[in-house]
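Here is a quick tour of a two-chain model, written for someone who likes to know the cut-offs behind the words. Have the viewer open and follow along.

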Amino acid sequence: MQRMVRICYRKIIDSAATKPWEKLVWQDSYTEFNMQAQRYNNAGAIAGFSDMLHSNPQAAQLHFLVSSAVTGYIQQLHQVIPDIQNTLGKQFLPLDNFRFELIQSNTGQPSKHVVAINFFSPPILWIDTIGNTLLLSANQYNEAGEMLTHLLQLQPFVSICSIQQQ
Amino acid sequence: MERKSFLKNGFSALGLVTVAPLISSCKKEDAGSSSASGSSSGSTNGTAGGTCTEAPTETEGPFPTKVPSAYVRSNIADDRTGVPIAINISIVNKNNSCAAISGAIVDIWHCDKDGYYSEYGGTGMQSANFTAVHFLRGRQVTDSNGLVSFTSIFPGWYQGRATHIHVHIYNASGTSLKVTQIAFPEGSNSAVVQVNTTASGYGKGMSGYTYNASDNIFSDDTAGIEIGTIAGSVSAGFTLTHTIVVSA
């Protein structure tokens, strides 16, 4: 039986971000949050995202509305899930889907702006589990017809988020 | 050799436009880094003597450039099909003798021909079709005449609402000035009727349609201030012109 799994990675970005990509995502998503949140802040009376949700469940739309600030940066990843490396230290997970998420934010306090980007791989083959690693293949073959594989170490914020058994 | 064929095969087998390691190493050279990409040279087995070495990172990448919000564009149709409509909105200032406001930020959004908005679904995953995920949403900045122009498709309608376009106007620094909606003129030969009864793809007709007078947003607009002006035809497309007065 073959098991096809989607690997997902939840990347959290907060005000302490130092790398350029993360900083841009953080800054631009905060700017967009400040603009869009004005639809849910009761004319300035509410500053916190969680308070907006409490006051008006429609504020959950902000996850989506703010994501417009981030899609351009997702494109700059060239369809590879960032950060997550195989045991050789190379990024290898193809990027299929993503979902942007506001964890918390506050229109008056930038330091409280924390977001997550959930990255999803396409279904890839989970061949075996070796120690603390998953043996995976994205259905790539070399010229000799050998299936090319990667070992992925289990780690925080990385998970299998769906499975198909065939 | 093996590494090369690996990468080659990675490209073709995956059918991806790009694969990270190759792209990243190219970028590294482009960026003028003088240090060779030692991390990919293969000498990574440095675990002798009971110490361990952190796995080297292939690159520092990505090397991002600043991009505007995906909303910033004039053509907002993306993958949505329908009767073309040009949307021209002028923003004027009530506090300045109704003079045009330049530099105001104008967001618009509306539903597609079937009545659906772009938004997150309930599945927990969002398609990474970056070019279409925010369909029928756009942002422009007013010119010296206070005008913004968008290209889109004529909105359809859904249960309980008259045809409408949402508008959110901000000043140049992003402070909200007004959230409003544009209504459409009605009548036996109105654009709304023409589109919904004759245009290809708009299959709903007018049965069950909520007219402006019954719409819970527009019904109090007895003076018709929120109703835009429409010209055009189903075959040639329509043009919507509307002026919105704000206090800035």
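## A well-covered helix

Let's start inside chain A. Helix H1(A) has these buried residues: Glu22(A), Leu24(A), Val25(A), Trp26(A), Asp28(A), Ser29(A), Tyr30(A), Glu32(A), Phe33(A), Asn34(A), Met35(A) and Gln36(A). Here a residue counts as buried if 20 or more other C-beta atoms lie within 10 Å of its own, as exposed if 12 or fewer do, and as partly exposed in between, with the C-beta atoms placed from the backbone. That makes twelve buried residues out of 17, and H1(A) is mostly covered. The cover includes strand S1 (3-13), helix H3 (61-67), helix H4 (71-75), strand S2 (97-104) and strand S3 (114-120) of chain A, and strand S6 (164-170) of chain B is part of it too. Helices (H or I, at least four residues) and strands (E, at least two) are DSSP runs, numbered from the N terminus.

## Ground rules

This is a predicted model, where local features need pLDDT of at least 70 and side-chain atom pairs count only at pLDDT 80 or more, while totals for chains, interfaces and linings use all residues. Residues are numbered from 1 along each chain as its sequence is written, and chains are lettered from A and ligands numbered from 1 in the order in which they are written.

As for pLDDT, the predictor's confidence in each residue from 0 to 100, chain A averages 95, and 100% of its residues score at least 70. Within chain A, confidence is lowest in H4(A), with a mean of 92, and highest in S6(A), at 97.

## Chain A at a glance

Chain A has four helices and seven strands, which follow the pattern β-α-α-α-α-β-β-β-β-β-β along the sequence. Its C-alpha trace spans about 65 × 30 × 25 Å along the principal axes. Of its 166 residues, 40% are buried. Among contacts between residues at least 6 apart in sequence, 58% join residues at least 24 apart.

Is Gln109(A) buried or exposed? It is exposed, because 11 other C-beta atoms lie within 10 Å. The C-alpha atom of Gln109(A) is 8.4 Å from that of Ala47(A), 62 residues away along the chain.

## Hairpins in chain A

Strand S4 (residues 124-130) of chain A pairs with S5(A) in the antiparallel sense over five bridges; strands count as paired if DSSP finds at least two bridges between them. Ile130(A) has Thr133(A) in S5(A) as its bridge partner. The two strands make a hairpin with two residues between them, and Gly131(A) in the turn has a positive phi of about 60°.

S5(A) also pairs with strand S6 (residues 147-153) of chain A, again antiparallel, over six bridges. Leu135(A) sits opposite Leu151(A) in S6(A). This hairpin has five residues between the strands, and Gly145(A) takes a positive phi near 85°.

## Over to chain B

Chain B has three helices and nine strands, and 31% of its 248 residues count as buried. Among its contacts between residues at least 6 apart in sequence, 70% join residues at least 24 apart.Four of its strands form an open antiparallel sheet in the order S4-S3-S6-S7. S4 (137-141) and S7 (176-183) of chain B each have a single partner strand, so one side of each is left without a neighbour in the sheet.

Methods
Two residues are in contact if their C-beta atoms, placed from the backbone, lie within 7 Å.
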